[in-house]
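Hello,

Here is the structure for you to take over. My notes follow below it.

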Amino acid sequence: MIYIEQITPELTSRLRRDVLYPDAEIPDMEMQVDIDGIHFGAFTDNKLAGIISLFREGSYFQFRKLAVDANFQNKGIGTALLNYITEFAIQGGGIKLWCNARLNATGFYLKNGFAQTDRLFSKNGHDYVIMEKLLTSTAGS
């Protein structure tokens with residue numbers, strides 16, 4: 001069973017480092033803008049198994065640094081986190097959800113309803129593409 005709840009930015013650091021930046025030191029990964037985000041953790045068996053951070057920009061929501069513990073990958077946790085923040089953004093009046101996806105993760109996002117744009121870039125040795133999903137309210141459905 002997976003349950004998702006809001007967590008503090010500090011609780012994201014270790015898992016984010018282990019999955020996304022294994023050679024980094026935790027203090028080097030922390031960004032001042034993290035305090036402006038809404039951070040969510042997915043728990044299974046009372047263990048933090050996945051994290052995601054969400055940032056609002058008007059009616060657009062950007063998520064960053066989705067990470068799932070290697071021991072829990074391919075068990076629906078990443079999809080559960082995406083579904084959770086999608087509903088959160090819709091409830092908040094969002095019309096678009098987007099991210100800077102690593103190129104090796106585009107298949108995952110495509111399976112979860114995101115569209116790949118033509119905006120590509122490289123940063124810190126990783127290649128990215130902007131992916132986005134238009135949101136529609138489920139109210140009245």
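In helix α3, the buried residues are Ile77, Gly78, Ala80, Leu81, Leu82, Ile85, Thr86, Ala89 and Ile90. Buried means under 20% relative accessible area, exposed means over 50%, and partly exposed lies in between (1.4 Å probe, protein chains only). Helix α3 covers residues 77–91. The expected span is 1.5 Å times one less than the number of residues. After α3 comes Gly93, with a positive phi near 85°.

A word on the source. This is a predicted model, in which local features need pLDDT of at least 70 and side-chain atom pairs count only at pLDDT 80 or more, while totals for chains, interfaces and linings use all residues. Residues are numbered from 1 along each chain as its sequence is written, and side-chain values use heavy atoms, with hydrogens and water left out.

Now the overall layout. The protein has four helices and seven strands. Along the sequence they run β-α-α-β-β-β-α-β-α-β-β. Helices (H or I, at least four residues) and strands (E, at least two) are DSSP runs, numbered from the N terminus.

The seven strands form an open sheet with mixed pairing, in the order β1-β2-β3-β4-β5-β7-β6. Two strands pair if DSSP finds at least two bridges between them. β1 (3–7) and β6 (115–123) are at the edges; each has a single partner strand, so one side of each lacks a neighbour in the sheet. On average, neighbouring strands are turned by 25° against each other, direction ignored.

Ser122 has Asp127 in β7 as its bridge partner. The two strands form a hairpin with two residues between them. Asn124, in the turn, has a positive phi of about 50°.

His39 sits in strand β2 (residues 38–44). It is buried, with a relative accessible area of 2%. Its side chain makes a polar contact of 2.6 Å with that of Ser53. A polar contact is a pair of N or O atoms within 3.5 Å; within protein, one must be able to donate a hydrogen and the other to accept it, and residues adjacent in sequence count only if both atoms are side-chain atoms.

Finally, one total. Of the 141 residues, 43% count as buried.

Best wishes

Methods. Axes fitted to C-alpha atoms, helices over the stretch in contact; angles between N-to-C directions.
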